[in-house]
Amino acid sequence: MQVKINGKPEEFQSGTVLDLLKAKNIEPQMVAVEVNDKVLERDDLATTHLNEGDQVEFLFYMGGGR
Amino acid sequence: MEFTEEQINRYSRHILLPEVGGKGQKKIAKSRILLVGAGGLGSPAALYLAAAGVGTIGLIDSDVVDLTNLQRQILHHTPDVGRPKVLSGKEKIQALNPDVSVSMYEERLTAGNAFKIIGDYDVVIDGVDNFPAKFLINDACFFAEKPLIHGGILRFDGRVTTIIPKQSACYRCVFKAPPPPGLVASCQEAGVIGVLAGIIGTIQATEALKLILGVGRPLTGRLLDFDARKTQFREIKVRRNPNCALCGEHPTITELFDDGDPYAGCAARPSA
């Protein structure tokens, strides 16, 4: 199936948001995840199943300023 | 308050704008904007806000100018190395526009001093370089009900968003808490393309002026991410989070606190 990750359509077999993070080698503590404009609680990453057409945003911390 | 002929000339390109006019320029002249951090983001914001004729600019920074700052912190010049950033900043602001009054706070923003400082301002601009401080600013602005223009830069990426407490999503609605120390690189560790500070810092200044003027649509409920490699902006919608520990329905953060050591995980920090 296809999901949109940070605005780009990508193929993803199926599974949870945590599966997607693992497939992309992203440490869950490093990102906030939004699915269809809603921020997920960290505990929900493993229980939230993705569906065709879902819009996923990985929001990485960006802490610089000086 | 009446403008002198010289001021009418100085601000003529603003006054010409129907959205600003003499009335708007007076709003700018009466406004008070606080810059937390007089560095990468704070520099361009300070200079443009000074040029715009903001009445009072507050500068908070405990550091002195370091040679490594000059690649992006355009408020400071080579002879300023070793001098307090707030002092160097005040001189540049007033050289550009003597109309502007500058309040200097040569200290770090903490849970102890935040309300006292922030309370005096209309808008707060986040130009700090660490997560504990970003969360502290977010929390302090929420409790003090001050609009906050958040900004962040790293490598070739930048982000900016406007937060109106109790109306739009706050930083904690999206990012619950600072990342574990050492997990996310800082500019000090990972580098940053200097001009990015100019792009994000000037958007922050734009947002601050829009709020002062009441013009247009603020950058609330949206993260504006910029990728300098592709020269591409992307907007990510963010909603208020009912589970937010700060501004949600059952808040667990009910008072200001220092959320971690600002220098934890940093390889080195300039000696202040």
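## A walk through chains A and B

Let us begin with chain B: for its 272 residues, a compact globule would have a radius of gyration near 19 Å, and the 18 Å of chain B agrees with that. The radius of gyration is taken over C-alpha atoms, and the globule rule is 2.2 Å times the number of residues to the power 0.38. Please keep in mind that this is a predicted model, in which local features need pLDDT of at least 70 and side-chain atom pairs count only at pLDDT 80 or more, while totals for chains, interfaces and linings use all residues. Residues are numbered from 1 along each chain as its sequence is written, and chains are lettered from A and ligands numbered from 1 in the order in which they are written.

Along its principal axes, chain B has C-alpha atoms that fill a box of roughly 55 × 45 × 40 Å. Its secondary structure comes to ten helices and eight strands; helices (H or I, at least four residues) and strands (E, at least two) are DSSP runs, numbered from the N terminus. Of the 272 residues in chain B, 47% are buried. A residue is buried if 20 or more other C-beta atoms, placed from the backbone, lie within 10 Å of its own, exposed if 12 or fewer, and partly exposed in between. Among the contacts in chain B with a separation of 6 or more, 70% join residues 24 or more positions apart; two residues are in contact if their C-beta atoms, placed from the backbone, lie within 7 Å.

Now look at a pair of helices in chain B. Helix 4 (residues 42-52) and helix 5 (residues 85-96) of chain B pack at an angle of about 30°, with their axes 9 Å apart. Axes are lines fitted to C-alpha atoms, for helices over the stretch in contact, and angles run from 0 to 180 degrees between N-to-C directions. On the helix 4 side of chain B, the contact is made by B:Ala46, B:Leu47, B:Ala50 and B:Ala51, and they meet B:Gly89, B:Lys92, B:Ile93 and B:Leu96 of helix 5 of chain B.

B:Ala50 is buried, with 25 other C-beta atoms within 10 Å. Leaving aside residues up to four places away in sequence, B:Ala50 touches B:Ile57, B:Ile93, B:Leu96, B:Asn97 and B:Val100.

Another pair in chain B is helix 3 (residues 21-30) and helix 10 (residues 195-213), which pack at an angle of about 115° with their axes 9 Å apart. These two helices of chain B are therefore roughly perpendicular to each other, a term for angles of 65 to 115 degrees, whereas those under 35 count as roughly parallel, those over 145 as roughly antiparallel and the rest as oblique. B:Gly24, B:Lys27 and B:Ile28 of helix 3 of chain B make the contact with B:Leu209, B:Ile212 and B:Leu213 of helix 10 of chain B.

Next comes chain A, with one helix and five strands. Along the sequence, chain A follows the pattern β-β-α-β-β-β. The radius of gyration of chain A is 12 Å, close to the 11 Å that the globule rule gives for 66 residues, so chain A is as compact as a globular protein of that length. Buried residues make up 26% of the 66 residues in chain A.

Finally, see where the chains meet: 18 residues of chain A are in contact with 35 residues of chain B. On the side of chain A that touches chain B, strand 3 (31-35), strand 4 (38-39) and strand 5 (55-60) of chain A are the elements that give two or more residues.
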